[in-house]
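Subject: Structure handover

Hello,

Here is the structure for you to look over. My notes on what turned up follow below it.

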Amino acid sequence: MNRKFFASLTLVLLFVCLVLLVFKIFCSISDAKTDKIYKQGFEFYKKADYQNAYFNFKKISFLSPYYGPALYRQATCAWVLKDYKTASGKYAKFAKLYKNTGVAPEAIWKLALMELELGGASNTKRAKKHLQKLVEKYPESDFAKAASYKLGVLYYNSGDVSRAKNYFIEYIEYAPLGRYALDCINLLQNYDDKALSFKDKIYIANALYENGYYQRSLNILAGVPFEKTWLLLMKNYDKLTDIEGFSSVVLKGAGLNLKHSAYSEKEILDALALYIKKSNLPQKQAAYNLAYAAKGKEFYPLALFLYSKYVDYESSIKNYEKIYKDYPNSIVAPDALWFVFWHNYKNNNYDEALKLSKAFTNVYLDYNVQPKIMFWTAKIHIKMKHKKMARSILHNITYNFPNSYYAYRANTILKASKSAFKTDKNLKIKDRFSLDDFSFESANKEYRLLNKFITLGDYDVIQNFKINNVFLNSWLAARSGRYSYSVLLARDEINKNPKEVSFSTQKYKLAYPLYYKDYINKYAERYGVSPYLMLSLMREESFFNNEAVSSTGAMGLMQLMPATAKTMDYNLYDAKKLYEPEYNISLGIKYFAHLMEIFNGNEALCVLAYNSGPGSVKNWLSKLSESNSGTKDFDEFVENIPYSETANYIKKVYASYWVYTNIYGK
């Protein structure tokens, strides 16, 4: 009996396996067919043939993995065709099936709009219900913000002006540049002054500022406590080019003593620096005025740090010592400690420099300063013949700050390279980057649906997912041609914890893409320079924005000044031609090759000259050779460059070169 039972069970299992195999084969065939149907429907959709598009999407079964995208597209087609009954049913179904995805808010938003367009008390009531659902369930979505405006209008028109005000304020708080911001402001100006709190007025004034209504913004702020508004007041006066008003506000603000300031130190530091730059006074006098006004107040270390740039060297070192000792939690303290460390290094006070290095690493985790101090600490140990300690620190840099300039330099020292700043001219940029290769894996239903849209090539819908994933948003920006935004998003996210992201991941490819590689390879070979160095230089110059224009007038991908470009091509009569990618790249690389002739093939000096001009570099070299403390250590030369922008520039370019060659060059 047992034998018969097991034999029967075996036959049943074999039958089930056969059925599953047949079903799997059928599904594969079905998926292939469905894929074709969807893509055909999408082609109709792109041609605005919504009727045929709808019928293609409707053919896709609810058992298909493509049902979600198809349902969404059916609803959209019906919406465009103003078949609101069909659209309403499809959107409602989609919002229910995919309620936890970023696309659901759009479906609910359109349900509300359809009800409002149909009009009538019952439809308006349903519209309010949909809008309220957006605000309460999807508060972070753009559609929730738009819903706040619509609800505000509905309540305003019905006489509930107090409730309406709250919705208008909510909208301009989160979307001061939103399409409804000015409508909200115009309605809010109908309110009695007493009905608006200080906080309300600040939101209104900020929205006016963002939309270019600077005087109206100032008018709204009249009567609001100064300590709550001084940065906004400053920005308005600046835009109005009212230097007197601007200066008065900044100096008064510098003297505030707010223990729980609503402003970040970075905002305040930028404001104080702007005053020094834009006041009608000599910069040293302006900086002194700030330090005097802020003395004994909360912002004093910031003002003192800025003032220290304009005093004699010995006084500046004393000021920096005071900052990191008395104000160790200030955002300028790490830089202040670095300046004192570097002062001791240059004067061969190695024991004191090592004490400062130890103090820094025990207190600060500053991404910009820490690897720099670690690198020079390792250099001290090399000088003191502590090779084991030096190597340990250098390895530490490459592990904890893998994408930094100092990781690049640490690696060359560890490998005992004799040509630390010399790149490989023969290393071509290989075709190892494609936006189609990216995927976002997760068990989350939202990601599964998103990947279906990606597979189908339907990228328009993906924009509405609004998934809180920086790398996904970077990828979306790249797909839509917003290269600079894409690179900066990925870069900043990696820099939050660089040692946790491997060079081999797709994330790094978003931060360090290979745009325009064919042009770079072509002209780098023609002019005999390193393709990867040119790619790195382009990345740091423009972040691949071919229409970039600097404050000094440099244009295009490689940020060429029109006058410089003219020396490379005498036939250049229209500077706008520099926005053309291939033309800009060809001239940028040609100019770099020209610099290579001037500096006898020294690439590092050419990188410096590309940023600051060959005259400046020659001047620095001349002063170095005349100095009694002259050094052949190029690292010291870089740190001693008098312009921080140029010193940082060469570090950024070689850091990019280091990362690029780690990602693609192996």
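A residue counts as buried when its relative accessible area is under 20%, as exposed when that area is over 50%, and as partly exposed in between. Tryptophan 342, at 5%, is therefore buried. Please keep in mind that this is a predicted model.

Overall picture

The chain has 666 residues, and 50% of them are buried. Its secondary structure consists of 35 helices and zero strands. The C-alpha trace spans about 95 × 80 × 70 Å along its principal axes. The accessible surface is about 34000 Å². Carbon and sulfur atoms account for 52% of that surface. I also looked at contacts between residues at least 6 apart in sequence: 57% of these join residues at least 24 apart.

The core

In soluble globular proteins, nonpolar side chains tend to be buried together. Here the largest nonpolar core has 220 residues. Ile172 and Phe592 have the most contacts inside this core. Helix α35, residues 644–663, gives the core its largest share, with 11 residues.

What does isoleucine 172 touch, leaving out residues up to four places away in sequence? The list is Ala181, Cys184, Ile185, Leu188, Tyr203, Ile204 and Ala207. Cysteine 184, one of these partners, is buried at 0% relative accessibility. Cysteine 77 is buried as well, with a relative accessibility of 0%. As for disulfides, the structure holds zero.

Aromatic pairs

The count of aromatic pairs comes to 49. Take tryptophan 342 and tryptophan 376. Their ring centres are 4.7 Å apart and their planes lie at 65 degrees, so this pair is edge-to-face. The cut-off for that label is an angle over 60 degrees. Tryptophan 342 belongs to helix α18 (residues 333–346) and tryptophan 376 to helix α20 (residues 370–383), so the pair ties together parts 34 residues apart in sequence. Tryptophan 376 is buried, with a relative accessible area of 0%.

A further aromatic pair joins phenylalanine 503 and tyrosine 508. This pair is edge-to-face too, at 4.9 Å centre to centre and 65 degrees between the planes. Phenylalanine 503 has a relative accessible area of 19% and so counts as buried; the limit is under 20%. Tyrosine 508 is buried at 0%.

Which residues of helix α2 (residues 50–58) are buried? They are Ala53, Tyr54, Asn56 and Phe57. Seen down the axis of α2, the buried residues fall within an arc of 165 degrees, so they line one face of the helix.

Alanine 48 is in the loop between α1 (2–46) and α2. Its phi is near 65 degrees, a positive value in a residue other than glycine. Alanine 48 is partly exposed, with a relative accessible area of 44%.

Another positive phi

Lysine 82 also has a positive phi, near 60 degrees, and is likewise a residue other than glycine. Where does lysine 82 lie? Its place is the loop between α3 (67–80) and α4 (84–97). Is lysine 82 buried or exposed? With a relative accessible area of 55%, lysine 82 is exposed.

Leucine 456

Leucine 456 is in helix α23, residues 445–456. Its relative accessible area is 4%, so leucine 456 is buried. Leaving out residues up to four places away in sequence, leucine 456 touches Asp35, Tyr38, Lys39, Tyr66 and Pro69. Isoleucine 276 is 180 residues from leucine 456 along the chain. The C-alpha atoms of these two residues are separated by 55 Å.

Where to look

After that, go to the loop with alanine 48 and the loop with lysine 82.

Best wishes

How values were computed
Residues numbered from 1 in each chain as written. Heavy atoms only, no water. Buried < 20%, exposed > 50% of the residue type's maximum accessible area, 1.4 Å probe, protein only. Helix = DSSP H or I, 4+ residues; strand = E, 2+ residues; numbered from the N terminus. Arc of directions from axis to C-beta. Disulfide = S-S within 2.5 Å. Core = buried A, V, L, I, M, F, W, Y, C linked by side-chain atoms within 4.5 Å. Contact = heavy atoms within 4.5 Å. Areas by Shrake-Rupley, 256 points an atom, 1.4 Å probe, with all protein chains shown as cover. Phe/Tyr/Trp six-rings, centres within 6.5 Å; stacked < 30°, edge-to-face > 60°.
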